[in-house]
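Please read this report beside the chain it describes, keeping the sequence and the coordinates in view.

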Amino acid sequence: MPEAYDAIIVGAGPAGIFAALALSEKPGRRLLLLEAGLDLEHRSCPSRERGLSCVQCNPCRLTSGWGGSGAFSDGKLTLSPEVGGHLAESLGREPVEALIHEVDDTFQRFGETGPVYGELSDEIEAWQKRSALAGLRLVTSPVRHIGTERTGEILAGMRSTLSERGVEIRTACPVAALLTDDDRVSGVSLADGSDLTAPVVLVAPGRGGADWLRREAERIGLSLAHNPVDLGVRVELPAAVMEPLTSVLYEPKFLYYSSRFDDKVRTFCVCPYGEVVSERAAEVTTVNGHSYAARPTPNTNFAILVSKSFTEPFDDPIAYGQSVARLANLLGNGVLVQRLGDLEMGRRSTQERLSRGIVTPTLKEATPGDLGLVFPYRHLVNILEFLHALDEVAPGVCSRHTLLYGVEAKFYSSRLQLDENLETQVHNLFAAGDGAGITRGLVQAAASGLVAAAEMDRRLG
């Protein structure tokens, strides 16, 4: 007979962990938390340790495993409903603010003591005015910075608490399929062929599992909408260029609509004194950034992402993002890096040209190349327009030595149809986090797990 549980949670990222913490507060329940990736202590990246190109671990040890992508993120808690997801659209601003406060309190309870940046002040208002003159909107929100290494320590503490409460945790245990019976969830089927049953199931597979969740949703007949695909580059430059902004805001968030195409362009994941890293997602190698609290570099990096929606006859943003990233992988055997000056001159970067620059790449395995052969013309125009606008706010951004890495892509485009409790059209099947397309960051992902857990708790009685 299949093993039976009171509740099953698929995915041990922020959404899954916070849901498990909430559900396990009542003793006596048989709870199971499943994760396709490895446990936290085994989540070392072989390519980074050995100085090699991405070895294409499946699943990627940076994006999958205990803690999800957030385990090796910069550890930024964005404490505003306006940034990081769509929860406020269905729940309202005040309930989401309360959830964010609860998430922040939980992180502090497990040892997070990082400073808060970005609270509104006269200095920040002056930066907003300066940005407006350049055609940019500076979105401000309080951000608590933990740091990559401290984030791991906190997530390890959460795992210990769940184990002490009797939650069964299985890592390196991918789920093959969701089990349903007469429009009601009945459990999950594992990749090894075994079935597990539960009256309530939460799927929170994160960005790395977004493609799997989309396929499962189509298979069992769930309605899907598509968010715009976010595709762009990671910029690396001397930390001094952005330091006047990052010292006040830590993560300045700029929003821009290009004059040529009126496309939405934005910054994402600013990592002061950080490192550029490669990661494996949706079957392609992409680029990201980290900041270590105790291991600063002389550089700052951030993403510039172009948001693009599609209509008929094509409506598969994930496939589009994969195709562009796959082209970069083909040309560079992984991630490409190019000096901004070379891109604007229409020539590829070489190792010799990089060596003459003032910015030393922190992603050593990136291949010098030409991003002009990767991105569509429309994306390149949008990215270059944005860089020149940002240079008016932070002079030095458009130095010919500035490095651009590609491709950075966010594979959370498919968005499930959910009610206010984050329940799908299948009874007692809930979805949360980035993989479900409703959040875009650590805090709102964790908050969505709390929303689903509250209704799951009520139904379990």
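What follows covers a sheet, the helices lying across it, a helix pair and the nonpolar cores.

This is a predicted model, in which local features need pLDDT of at least 70 and side-chain atom pairs count only at pLDDT 80 or more, while totals for chains, interfaces and linings use all residues. Residues are numbered from 1 along each chain as its sequence is written, and side-chain values use heavy atoms, with hydrogens and water left out.

Eight strands make up an open sheet of mixed pairing, in the order β6-β15-β16-β19-β14-β22-β20-β21. Helices (H or I, at least four residues) and strands (E, at least two) are DSSP runs numbered from the N terminus, and two strands pair if DSSP finds at least two bridges between them. At the edges stand β6 (137–139) and β21 (367–368), each of which pairs on one side only. Strand β6 runs antiparallel to β15 (residues 253–257), to which three bridges join it, and V139 stands opposite K253 of β15. R137, also found in β6, is in contact (heavy atoms within 4.5 Å) with K253, F254 and L255, leaving aside neighbours within four places in sequence.

| Helix | Strands crossed | Angle |

Elsewhere in the description, helix α1 (residues 14–23) and helix α13 (residues 442–460) have axes that come within 7 Å and cross at roughly 35°. The residues making this contact include F18 and L23 of α1, and L442, L450 and M456 of α13. By class, the contact comprises 13 nonpolar, two polar and one charged residues, where Ala, Val, Leu, Ile, Met, Phe, Trp, Tyr, Cys and Pro count as nonpolar, Asp, Glu, Lys and Arg as charged, and the others, Gly among them, as polar.

The largest nonpolar core has 75 residues, and I8 and V188 have the most contacts inside it. Its largest share, nine residues, comes from α13. Such a core is a set of buried Ala, Val, Leu, Ile, Met, Phe, Trp, Tyr and Cys residues joined through side-chain atoms within 4.5 Å, buried meaning under 20% relative accessible area with a 1.4 Å probe, protein chains only. Apart from this core lies another, of 50 residues, among them F254, V265, V270 and F411.

Note on methods:
Axes fitted to C-alpha atoms, helices over the stretch in contact; angles between N-to-C directions.
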